[in-house]
Structures are given as C-alpha cells and as structure tokens.
Amino acid sequence: MQPEKLTITPLAAFQDNYIWCLTKPDSDALVVVDPGDADVVLQFARTTKRQLSSILVTHHHWDHTDGIAALKQHWPNTQIIGPDYEAERIPSLTQTVHDGDIVQLEEFDLQFQVLHLPGHTLGHIAYYQSSVDGAPLLFCGDTLFSAGCGRLFEGSPEQMHQSLQRLMALPNETLIYCTHEYTLANLAFARAVEPDNQAVIAHLTKCQQLRDNQLPTLPSKLATEKAINPFLRCHLPDLQRKYTSSSEQAVFTALRSDKDRFKS
Ligand SMILES: [Zn+2]
C-alpha cells in the first residue's frame, strides 16, 4: 500500500515568517517547524482537527521559538526537538540533537537527518528528509533563503559559506523550506549582482505574480537556487570577475557584506 501523502502547509506569521505544518490525511497528528507564534498554530489545529505532536526548532531566535511555551501548555506531551548547542536559549526542549543525528517522527513514520549549519547563529541546525514521495525535503530555518542567505549574527562568513556548501551537495530536486518570505528583496539584489542572469529575471517575474496573488514563493528547489542565488554561485567566473578574486570564500564574504548594505 502507498503511504499516505505528507502535506506541508505554510502559516504566515509576523511580517514575513512562515511556520511550516506537516500533516497526513490518515492521522490527526500535527508537526510544526519554528513556531514563533502560537496563535496561528492553534487556529490551524482547530480548523484541521489536528493535535500537535512534535515541534522542530532550527535556532534560538524569538521569531522561531516564542510560540513554544503556549503550545506546550495546550499539548503538554508534545515532543520539542532543537539544537543541543542552543539548548539553554530555547526553553522546553524535550530532545536535543546535533549534526548527524536522526530525528524520528513516529506519528508519520518519518525520519529527518540533522545538519549543523553554523553562520546565522552558531548552533543553527536543519532537518533533512531524503525520500518523501520522491522529493527530498529540507527545513533550513534562516540559513538558506530563496535567492539569499541568512545574516551573520553569530557566525563568520567562512562558517556560513561552509554551511551553504554542505547544502549544495544535497540532491538538486531537494525542496527548500526556509522560514522567511524574503524572495523578492533577495532577487532584487541577485539581479543587481548578475544583471544578465536570465534565470534571475524569469524567477523574479514568477515570484512577483505569486506575491501579487498573496501566495508564498516557497518552497524553492535546490536546482533553482543554484541558478539564481548569488550565494551559491561564488565558484562561477562571472562572480569571480566582478569581485576580482578567484577565491570562492572571498567572493562569498564580499557578497554578504554588499547584501547587508544593499537598498533596492
Ligand atoms: Zn534567525
């Protein structure tokens, strides 16, 4: 028998966050990633008649964790999984994990591999699932965004570059579930960096239409990111010429600091 299909729904929170909700039609379980806001999760659980069973946390920032306490109050038996390196800064974790660990979601018979991706924060992790209905999934928090990457609040450019290199090695069809709707602003920067990149221009048109219709531009796909995301393109001659360096790391560092100053 075919396993029932996993559905992944984005809940919009705050200005531009998404809380990703995992459900299956044959189960009343609900798994959420980075619930910064409890109210939208409670509302979703009510309307879909689901009970929260697990929370996955990628890093300690408030917009990814502030909803945990209220959700735990509502569902005291929820398992709450997060990075061991940031355990002191994330209240209520019931399980801490680090690079290479396997997270079991018994409720969906699913396994995620934990990847430690320092850069945005030092303990930042992602959850990777290699085979749901053929398409691998990545919940990468604030590490990789569509057409961009997270700001370096705690880590160095070297750490973030290394973390993104690890993600580059995942299969091209991997679906990228990041936690912010930053795509249009990121694409404006990508276009300024590579004005002749037709993939960037085409993606900008597509995403503009989605946003005009209040639809998310996510998830993205790793293959798409390799074509449009300047932070994944530091090895290419065009970018190395622009930044007059043949060092991928130097190009990455220059890009990150340009992006921090960029105004579209
Ligand atoms: Zn963050």
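Visitor: At what angle do the axes of helix α5 and helix α6 cross, and within what distance do they come?

Guide: In this predicted model, the axes of α5 (residues 183-193) and α6 (residues 198-212) cross at roughly 160° and come within 10 Å.

Visitor: Why is α5 called roughly antiparallel to α6?

Guide: Angles over 145 degrees count as roughly antiparallel. The axes of α5 and α6 cross at roughly 160°, and therefore α5 is roughly antiparallel to α6.

Visitor: Is the crossing of α5 and α6 left-handed or right-handed, and which residues make the contact?

Guide: The crossing of α5 and α6 is left-handed. On the α5 side the contact is formed by T183, L184, L187, A190 and R191, and on the α6 side by V200, I201, H203, L204, C207, Q208 and R211. By residue class, the contact of α5 with α6 comprises seven nonpolar, three polar and two charged residues.

Visitor: What makes α4 roughly perpendicular to α9?

Guide: The range for roughly perpendicular is 65 to 115 degrees. Helix α4 (residues 157-168) packs against helix α9 (residues 248-261) at an angle of about 110°, their axes being 10 Å apart. The value falls in that range, so α4 is roughly perpendicular to α9.

Visitor: Which residues of α4 and α9 meet?

Guide: From α4 come P157, E158, M160, H161, L164 and Q165; from α9 come E248, Q249, F252 and T253. The contact of α4 with α9 divides into four nonpolar, four polar and two charged residues.

Visitor: What makes H60 buried?

Guide: Buried means under 20% relative accessible area. The relative accessible area of H60 is 10%, so H60 is buried. H60 lies in the loop between β4 (51-56) and α2 (62-65). Not counting residues up to four places away in sequence, H60 touches T65, E86, R89, I90, T121 and E154.

Visitor: Which members of the largest nonpolar core touch the most other members?

Guide: That core has 51 residues, of which L22, V103, Y127, L138, F139, L164 and L255 touch the most other members. Leaving aside residues up to four places away in sequence, V103 touches L56, I81, V97, L110, Q111, F112, V114 and Y127. A second, separate core has 20 residues, among them L42, F44, I80 and L93.

Conventions: Residues are numbered from 1 along each chain as its sequence is written. This is a predicted model: local features need pLDDT of at least 70, side-chain atom pairs count only at pLDDT 80 or more; totals for chains, interfaces and linings use all residues. Side-chain values use heavy atoms; hydrogens and water are left out. Axes are lines fitted to C-alpha atoms, for helices over the stretch in contact, and angles run from 0 to 180 degrees between N-to-C directions. Helices (H or I, at least four residues) and strands (E, at least two) are DSSP runs, numbered from the N terminus. Angles under 35 degrees count as roughly parallel, over 145 as roughly antiparallel, 65 to 115 as roughly perpendicular and the rest as oblique. A crossing is left-handed if the near helix is turned anticlockwise from the far one by less than a right angle, and right-handed if clockwise. Contact means heavy atoms within 4.5 Å. Ala, Val, Leu, Ile, Met, Phe, Trp, Tyr, Cys and Pro count as nonpolar, Asp, Glu, Lys and Arg as charged, and the others, Gly among them, as polar. Buried means under 20% relative accessible area, exposed over 50%, partly exposed in between (1.4 Å probe, protein chains only). A nonpolar core is a set of buried Ala, Val, Leu, Ile, Met, Phe, Trp, Tyr and Cys residues joined through side-chain atoms within 4.5 Å.
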